[in-house]
Amino acid sequence: RCVNHVVQIPTGEGKSIVVGLTACLNALRDKEVRGVCYSPYLRSRDYEDFEPLFRELGVHDKIRYEVFTELCESFVGDLRLAVSELINKGRVDTGLPALDKKKRVLIIDEVDVFFTRSFFGNTYNAGLVVAHAKIEAFIRHVWAKRQDITVKEMLDSKLYQDVEAEYPNCAKLIRMAASQLCKNVKRFKMDRSSCKPKPTDGVGKPSRLVYSDK
């Protein structure tokens, strides 16, 4: 019988080993084990360290190490793909993952991070970037005319109409986003003094530029 537990193990005292062995013991009892944490790096590092043991015991197919978003997507499906299909096809072909009655064990690594505001009680927000040359041309047009362009002029422009024609299934959504874009660029004020280079990439050049409000 599984009982919920919270275990505190100080840094350097074998937390990854405890997680790995606990996963093995439950997988050997024919349970599907999900080891979940917030960091893709820690997820990959710990799984790679214990994968030889998982394979030696024949339980590698019952143990998965994931980050919180991957765990969520395994139950709700690929929302980004579904939205992409809706935008481009006007319908969703991607179905929800098939649910089964397997017994599962959830092991949360760094549980204190899980109970922060960034995760516990928060919503799962999947973002999708829709890229197209017509969208880029339209955004550049709005940016170039940002001081004077009105929402009506923007909606009447051929560049906007080209975008709407490219995605006829989402005309209302595109109109709403474009109208908000037009309003936002008018309020945007760039303070060049706040443009600060980040640390160099090793060859003496800034790896990227960011704008800071501090």
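Trainee: How many helices and strands does the protein have?

Mentor: There are nine helices and five strands in the protein. Helices (H or I, at least four residues) and strands (E, at least two) are DSSP runs, numbered from the N terminus. Starting at the N terminus, the order of elements is α-β-α-β-α-α-β-α-α-α-α-α-β-β. Please keep in mind that this is a predicted model, in which local features need pLDDT of at least 70 and side-chain atom pairs count only at pLDDT 80 or more, while totals for chains, interfaces and linings use all residues. Residues are numbered from 1 along each chain as its sequence is written, and side-chain values use heavy atoms, with hydrogens and water left out.

Trainee: In what order do the three strands of the open sheet stand?

Mentor: Let's begin with pairing: two strands pair if DSSP finds at least two bridges between them. Here the order is β2-β1-β3, with parallel pairing. Because β2 (63–67) and β3 stand at the edges with a single partner strand each, one side of each has no neighbour in the sheet. From one strand to the next, the twist averages 20°.

Trainee: How many bridges join β1 to β3?

Mentor: Five bridges link β1 (residues 32–37) with β3, and the two run parallel. For example, G35 has I107 in β3 as its bridge partner.

Trainee: Which residues of β3 are on the covered face, and which on the uncovered one?

Mentor: The general idea is that in a regular strand the side chains alternate between the two faces of the sheet. In β3 (residues 104–108), V105 and I107 make up the covered face, whereas R104, L106 and I108 make up the uncovered one.

Trainee: Which strands does helix α2 touch?

Mentor: Contact means heavy atoms within 4.5 Å. Helix α2 (residues 40–56) packs on the sheet and touches β1 and β2, its direction making about 170° with that of β2. Helix α3 (residues 68–76) lies across β1, β2 and β3, at about 115° to β2. For such angles, axes are lines fitted to C-alpha atoms, for helices over the stretch in contact, and angles run from 0 to 180 degrees between N-to-C directions.

Trainee: At what angle do α6 and α9 pack?

Mentor: Two packed helices are described by the angle between their axes and the distance between the axes. For α6 (residues 133–144) and α9 (residues 171–187), the angle is about 35° and the axes are 9 Å apart. On the α6 side, F138, I139, V142 and W143 meet A178, L181, C182 and V185 of α9. The residues of this contact are eight nonpolar, no polar and no charged; Ala, Val, Leu, Ile, Met, Phe, Trp, Tyr, Cys and Pro count as nonpolar, Asp, Glu, Lys and Arg as charged, and the others, Gly among them, as polar.

Trainee: What is the phi of D30?

Mentor: Most residues other than glycine have a negative phi, and most peptide bonds are trans. D30 has a positive phi near 65°, and D30 sits in the loop between α1 (15–28) and β1. E110, in the loop between β3 and α5 (111–114), also has a positive phi, near 55°.

Trainee: Is D30 buried or exposed?

Mentor: Buried means under 20% relative accessible area, exposed over 50%, partly exposed in between (1.4 Å probe, protein chains only). D30 is exposed at 55%, while E110 is partly exposed at 23%.
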